[in-house]
Each structure stands twice: as structure tokens, then as C-alpha cells.
Amino acid sequence: MREQMTIPPDGKPMSDQPRWRRDFPIDWPEDQYVARRDFTKFLVLTSLAFVAGQFWIAWQNFLRRRQGRLPVSAIMPVIDLPVGGARAFSYPGQHDPCLLVRTAEDRFVAFDQRCTHLACAVVPEVDKGRFFCPCHNGSFDLETGRPLQGPPRRPLPRVTLEIRNGVIYATGVEPGTV
Ligand code: FES
């Protein structure tokens, strides 16, 4: 059947056919077959590339954290954050929400904003000395990030800070430990 389909209409061998026919030898019924096969190949290759990319990102993150190579990133000038004030920022990546809180004149703390229960965003309640998670009434100590109440069992990862020339910098992330 396949051989029949590829016989040119005039019955002459392929070598006697015009150039355009030799360049496009696939018949219409086969064209659909080729398209499906190419599409499947495309899907498989794309999926493999995606998986490889995820492994590469995970490996890079692992190495960077292990070697303490997180970037130093400016958050804000000290003068712009009053005592009791808080500021949201992203660290180490654009999709890593964090919170910086000034708990005293010379004391700053920063933590990952994602609740360690189911990743809802915690909110600072400085007057109560805690970060509150409204999803399931969880809370964390404002100074240490340790869980105080509700379902969370792990502390919030702490963002390490440095102050240079009046500017607050994030310098790394310490994974939360119980
Ligand atoms: S997500 Fe925060 S307590 Fe459940």
C-alpha cells in the first residue's frame, strides 16, 4: 500500500520526476502520519528537556546553598524602616517572598514568608511578637521563626542580614531547624 502511494501519477521512476516531486516525496495520507509522529517526538523531547531543566535547577540550587553562594542583595536603607515596621522583599529569587521586620532600634530580622505548613503567606504582627498565618491560624515567633501554635511544625527559614553603609542586605538563607 505504501509503495503504491509513493508511485508518481505518471508511473515513471522517481529519478525521472521533476525536482519539486523529488523534494516532497510524501503523499498526503502519509503527511498526517508524519505530522503525528513529529508531534509525538516533539512532546517527548520537550518533556525530557523540562525534566532535565528541573534537575539542573535543583542541582544548581543545592550546590549554591551548600557553598554559601547565595547572592548579596540590597533590601532597603535602614532609615526607611521605622521600629515595628515591616517590608516584603524577594530573596534569593524573584519568586521567593520574604519579610524584613525591624523589631528594635538596632535589631532586624527577616524570614521566608511562606508558612511551613502549606505555604500560605504569613503576616507580621509585631505588637504580638509573631508572624501569623491566616490559613489555619498558625503562628511563628517573630525573633526566631519557630512555630508557636497551629499546624506548622517547622520554623520559617531565616534570611541572614548585614548592614553596610546604612543599607540592609540579605546575604543568605538558613534553613529552618526544629
Ligand atoms: S498554611 Fe499556614 S497554618 Fe496552614
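**View 1. Four strands make an open sheet.** In this predicted model, the strands of the open sheet follow the order β5-β6-β7-β8. Their pairing is antiparallel. Which strands stand at the edges? They are β5, residues 123-125, and β8, residues 147-149. Each has a single partner strand, so one of its sides has no neighbour in the sheet. From one strand to the next, the twist averages 35°. What holds strands like these side by side? Strands of a sheet pair through backbone hydrogen bonds, and the pairing can be parallel or antiparallel.

**View 2. β5 meets β6.** Look at one pair within the sheet. Strand β6 covers residues 130-133. How many bridges link β5 and β6? There are three, and the two strands pair in the antiparallel sense. Find Pro-124, then look across to β6: Phe-131 stands opposite. Keep Phe-131 in mind, as this residue also belongs to the largest nonpolar core.

**View 3. A hairpin joins β3 to β4.** Strand β3 spans residues 97-104, and strand β4 spans residues 107-112. Six bridges connect them, again in the antiparallel sense. The hairpin between β3 and β4 passes through two residues. For a landmark, pick Val-101: Val-109 in β4 stands opposite.

**View 4. The largest nonpolar core gathers 19 residues.** Which members touch the most others? They are Cys-98, Leu-99, Leu-100, Ala-110, Phe-111, Phe-131 and Val-159. β3 gives the most, with four residues. Such grouping has a general background: in soluble globular proteins, nonpolar side chains tend to be buried together.

**View 5. Cys-98 and its contacts.** Zoom in on Cys-98, one of the core members that touch the most others. Set aside its neighbours within four places in sequence. Cys-98 is then in contact with Phe-89, Ser-90 and Tyr-91, among others. Its contacts also include Ala-110, Phe-111, Asp-112 and Gln-113. Val-159 is in contact with Cys-98 too.

**View 6. The whole chain, for orientation.** Step back from the close-ups. The protein has three helices and ten strands. In what order do they run from the N terminus? The order is α-α-α-β-β-β-β-β-β-β-β-β-β. Of the 178 residues, 17% are buried. Among contacts with a separation of 6 or more, 31% are between residues 24 or more positions apart.

Key:
Residues numbered from 1 in each chain as written. Predicted model: local features only at pLDDT ≥ 70, side-chain atom pairs only at ≥ 80, totals over all residues. Pairing = 2+ DSSP bridges. Axes fitted to C-alpha atoms, helices over the stretch in contact; angles between N-to-C directions. Core = buried A, V, L, I, M, F, W, Y, C linked by C-beta atoms within 7 Å. Buried ≥ 20, exposed ≤ 12 C-beta atoms within 10 Å, placed from the backbone. Contact = placed C-beta atoms within 7 Å.
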